[in-house]
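Work through these exercises with the model open beside you. Try each task before reading its solution.

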Amino acid sequence: MTAVAYTQENRIARITLRGEQGNPLDQATMSELAHAVRRARADDVHIVVLSSQGRAFSVGGDVSAFAAADDTEQMVDDLAETLHRAISDLHRMNAIVVSVVTGAAAGAGLALAAAADLVIASTSAKFTMAYTGIGFSPDGGSSLLPATLGLHRALRLALLNPVLTAEEAHQVGLVAYLCDDDAIDAHVEQIVQQLRAGSRSAQVAAKRLMRETATPGAEAALRRETLSIRTLADSPDGREGVAAFLEKRTPKFTS
């Protein structure tokens, strides 16, 4: 079974993360995701629905893979570049992207959810950045979050790694719609059909105008994120953070 499923009907593309153990974003999954997003662009869809199966939207990067890598810096560079291609395509494509978050969205999982134009979350969803907790810097477009949340809210997430409830994420503007777990599918379809009934050209123009004003340097930000995280991943703090995470202990950072 592939880790990412893609279907398309009536110009609505549905991309579903369906890996095991919380949908960790390893290289194979990210390659499949990037390919699915490219398929949606090639199919010239109006709407993309990005969702997941299982207990989490995505727990983020596969920390065990970081520990096992022969060349951690190159491995993280490759992973970040693949993730950023998918994020960039979601930002720039001529479609409205809707992410549907159930369970946890952590690290790159949070960044991926936030790459959508509209984020819909179940009441059980939780959000956390987590990067600095293992000695890494944020990636996946996380450094664009000040445009959504404001600088100091984004810094709180990046520096202290709080776990936001779905209600808190809604209050700070990350989540557009909050739904009971048993009603989220119906609400997503309602939003999708409302978008589909509207003018695609007007919606895409609105998306471009808003994004270009809010994050005019998005591509440069993604590149800076790659350069930063690949260096930190192979630093003493990065190696200690990964080891401590896997050993379920508090890291002892030295920098």
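The model is predicted: local features need pLDDT of at least 70, side-chain atom pairs count only at pLDDT 80 or more, and totals for chains, interfaces and linings use all residues. Residues are numbered from 1 along each chain as its sequence is written, and side-chain values use heavy atoms, with hydrogens and water left out.

**Exercise 1. Describe helix α1 and find which of its residues are buried.**

Step 1. Take the limits. Helix α1 covers residues 27-42, 16 residues in total. Helices (H or I, at least four residues) and strands (E, at least two) are DSSP runs, numbered from the N terminus.

Step 2. Check the span. From first C-alpha to last, α1 reaches 22 Å, close to the 22 Å expected at 1.5 Å a residue. The expected span is 1.5 Å times one less than the number of residues.

Step 3. Sort by burial. Buried means under 20% relative accessible area, exposed over 50%, partly exposed in between (1.4 Å probe, protein chains only). In α1, Thr29, Met30, Leu33, Ala34, Ala36, Val37 and Ala40 are buried.

Step 4. Look down the axis. These buried residues fall within an arc of 160 degrees, so they line one face of α1. The arc is taken from the directions from the helix axis to the C-beta atoms. An α-helix has 3.6 residues a turn, so residues three or four places apart point the same way.

Step 5. Turn the helix over. The face away from the buried side carries exposed His35 and Ala42.

Step 6. Find the cover. It includes β1 (4-9), β2 (12-17), β3 (47-52), α3 (72-92) and α4 (108-114).

**Exercise 2. Is Ser122 buried or exposed?**

Step 1. Ser122 lies in strand β6 (residues 118-122).

Step 2. Its relative accessible area is 0%, so Ser122 is buried.

Step 3. Beyond four places in sequence, Ser122 touches residues including Val101, Thr102, Ala166, Leu178 and Ile184.

**Exercise 3. Where does Leu155 lie, and how accessible is Leu155?**

Step 1. Leu155 lies in helix α6 (residues 151-160).

Step 2. With a relative accessible area of 35%, Leu155 is partly exposed.

How values were computed. Contact means heavy atoms within 4.5 Å.
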